[in-house]
Amino acid sequence: MSILKVSRMGHPVLRKKTKALDKATVRTPAIQKLIDDMMETMDEYHGVGLAAPQVHEDIRLFVAALDMARGDEPTPPIALINPEITPIGNEMVDDWEGCLSIPDIRGKVPRHREIKVRGLDRDGERIELRMRGFSARIIQHETDHLDGILFLDRMTAFETLTFLDEYSRYWVKNDDDEEEEE
Ligand code: NI
């Protein structure tokens, strides 16, 4: 596995509309290796999600570390291909986000509290997940990347736009998640 170079805001690949993958393509060694490399890259940079355009690939694929923990077992990261989101209910929540392509910046972004997402897993099989809270937020953030949308585009006001140092100093009570970026 290898750690990939992460594209930063301003690189045109982050603004492209990406291409869907069919089942046979998902199962190729090239895509399987890309998924492994993206998971390693996400882990290396303390991310909770990483979308293909962030590693210069314009395809509809992301990896994410979702909180689906049952008991004490940590949840292994998942890959999701061709995601399609359906909101459940109308409730929106404002919460902090960061992005590996916009390093050391945080801001509050409104997202659907609960969603259903359909797509393919890394074996090319159809899956459907129902997610709420932070995991639902990650999926919305990563799916946006596949449509060329960055979290700054989703902010409705910029008063919360904050550098990481100031975020850590003034805005977080515990420092558990201060380094998480998507
Ligand atoms: Ni991001």
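Analyst: Helix 3 (residues 133-146) lies across strand 1, strand 2, strand 3, strand 6 and strand 7, and runs at about 125° to strand 7. Helices (H or I, at least four residues) and strands (E, at least two) are DSSP runs numbered from the N terminus, contact means heavy atoms within 4.5 Å, and angles run from 0 to 180 degrees between the N-to-C directions of axes fitted to C-alpha atoms, for helices over the stretch in contact. The model is predicted, so local features need pLDDT of at least 70 and side-chain atom pairs count only at pLDDT 80 or more, whereas totals for chains, interfaces and linings use all residues. Residues are numbered from 1 along each chain as its sequence is written, and side-chain values use heavy atoms, with hydrogens and water left out.

Helix 3 also holds H141 and H145, which are four residues apart and therefore separated by about one helical turn. Both histidines coordinate the nickel ion through NE2, together with C99 (SG) and E182 (O), at 2.1 to 2.4 Å. Donors are N, O and S atoms within 2.8 Å of the metal (3.2 Å for Na, K and Ca), and sites may look incomplete because water is not among the atoms. Along the chain, the donors of the nickel ion follow the spacing C-x41-H-x3-H-x36-E. The four donor atoms subtend angles of 96 to 124° around the nickel ion, so the arrangement is tetrahedral (four donors with all angles between 85 and 135 degrees). H141 is buried, with a relative accessible area of 2%, and H145 is likewise buried, at 0%; buried means under 20% relative accessible area, exposed over 50%, and partly exposed in between, with a 1.4 Å probe and protein chains only.

The sheet that helix 3 lies across is open, with five strands in the order 1-2-3-6-7 and antiparallel pairing, where two strands pair if DSSP finds at least two bridges between them. At its edges are strand 1 (49-51) and strand 7 (126-132), each of which pairs on one side only. On average, neighbouring strands of this sheet are turned by 40° against each other, direction ignored. Helix 2 (residues 29-44) also packs on the sheet, where it touches strand 1, strand 2 (61-64) and strand 3, and its direction makes about 40° with that of strand 2.

Strand 2 in turn pairs with strand 3 over four bridges in the antiparallel sense, with I81 in strand 3 as the partner of L61. Strand 3 (residues 78-87) is joined to strand 6 (residues 114-120) by five bridges, again antiparallel, and P87 is partnered by I115 of strand 6.

In a regular strand the side chains alternate between the two faces of the sheet. In strand 2, L61 and V63 point one way while F62 and A64 point the other way, and all are buried.

Two loop residues complete the picture around strand 1. H46, in the loop between helix 2 and strand 1, has a positive phi of about 55° although it is not a glycine, and is partly exposed at 47% relative accessible area. H56, in the loop between strand 1 and strand 2, also has a positive phi, about 70°, without being a glycine, and counts as partly exposed at 33% relative accessibility.

Notes. Four donors count as tetrahedral if all angles lie between 85 and 135 degrees; four count as square planar and six as octahedral if opposite donors are over 155 degrees apart and all others between 65 and 115; anything else is irregular.
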